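Student: Could you walk me through this one? I'd like to ask about helix packing and then about charged pairs.

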Amino acid sequence: MRLLVGLGNPDQEYLGTRHNLGFQVIDQLAQKLNVKLNKIKFSGCYYQNEDFILLKPQTYMNNSGECVFTFFHYFAIPIDNLLVVYDDINLPVGKFRYRCQGSDGGHNGMKNIIKCLGTKNFKRLRVGIGYDSQKSSLCD
């Protein structure tokens with residue numbers, strides 16, 4: 001089983017904002033796969049099949065680790081099968097950076113996930129939103 005997590009904030013006021021890019025990536029992937037995130041468990045909105053889980057934590061960005069930790073342990077996900085997708089203000093708009101491990105890079109959602117999991121050794125995909133970009137959505 002694989003766990004793909006997109007970071008964001010659940011309230012309507014954050015819908016379509018650059019900081020919710022992780023949610024947007026999960027939504028776009030679900031659309032391409034023709035699936036719906038229609039389950040709620042452990043403060044997360046998700047889709048699950050026999051191969052993977054697509055997850056949008058509903059705990060707000062800074063507490064994402066609580067939801068990720070619970071899913072990770074409940075579904076017995078191997079650490080090598082966890083991928084977290086999130087926005088990075090220090091990367092130019094649309095640029096991707098994939099790493100198999102690393103620091104939180106100043107991102108509070110990642111900081112909380114690292115704290116809750118007790119490790120920095122999981123995959124992450126940072127997607128650039130740029131510091132001064134005026135675009136509200138990168139997935140349209």
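Student: At what angle do helix α2 and helix α3 pack?

Tutor: In this predicted model, helix α2 (residues 64-74) packs against helix α3 (residues 108-117) at an angle of about 40°, and their axes lie 7 Å apart. That angle makes α2 oblique to α3, and the crossing of the two is right-handed.

Student: Which residues in α2 and α3 meet there?

Tutor: From α2 there are S64, G65, E66, V68, F69 and F72, and from α3 they meet G109, N112, I113, C116 and L117. Sorted by type, the residues of this contact are 6 nonpolar, 4 polar and 1 charged.

Student: Switching topic, how many salt bridges does the count come to?

Tutor: The count comes to 2 salt bridges. In one of them, the side chains of D27 and K56 meet at 2.8 Å, N to O. Because D27 lies in helix α1 (residues 21-33) and K56 in strand β4 (residues 52-57), this pair ties together parts that are 29 residues apart in sequence.

Student: What does D88 form a salt bridge with?

Tutor: D88 pairs with R126, and their closest N and O atoms are 2.4 Å apart. Since D88 lies in strand β5 (residues 82-88) and R126 in strand β7 (residues 123-128), the pair ties together parts that are 38 residues apart in sequence. D88 is buried, with a relative accessible area of 7%, and R126 counts as buried too, at 18% relative accessibility.

Notes. Residues are numbered from 1 along each chain as its sequence is written. This is a predicted model: local features need pLDDT of at least 70, side-chain atom pairs count only at pLDDT 80 or more; totals for chains, interfaces and linings use all residues. Side-chain values use heavy atoms; hydrogens and water are left out. A salt bridge is a side-chain nitrogen of Lys or Arg within 4 Å of a carboxyl oxygen of Asp or Glu. Helices (H or I, at least four residues) and strands (E, at least two) are DSSP runs, numbered from the N terminus. Buried means under 20% relative accessible area, exposed over 50%, partly exposed in between (1.4 Å probe, protein chains only). Axes are lines fitted to C-alpha atoms, for helices over the stretch in contact, and angles run from 0 to 180 degrees between N-to-C directions. Angles under 35 degrees count as roughly parallel, over 145 as roughly antiparallel, 65 to 115 as roughly perpendicular and the rest as oblique. A crossing is left-handed if the near helix is turned anticlockwise from the far one by less than a right angle, and right-handed if clockwise. Contact means heavy atoms within 4.5 Å. Ala, Val, Leu, Ile, Met, Phe, Trp, Tyr, Cys and Pro count as nonpolar, Asp, Glu, Lys and Arg as charged, and the others, Gly among them, as polar.
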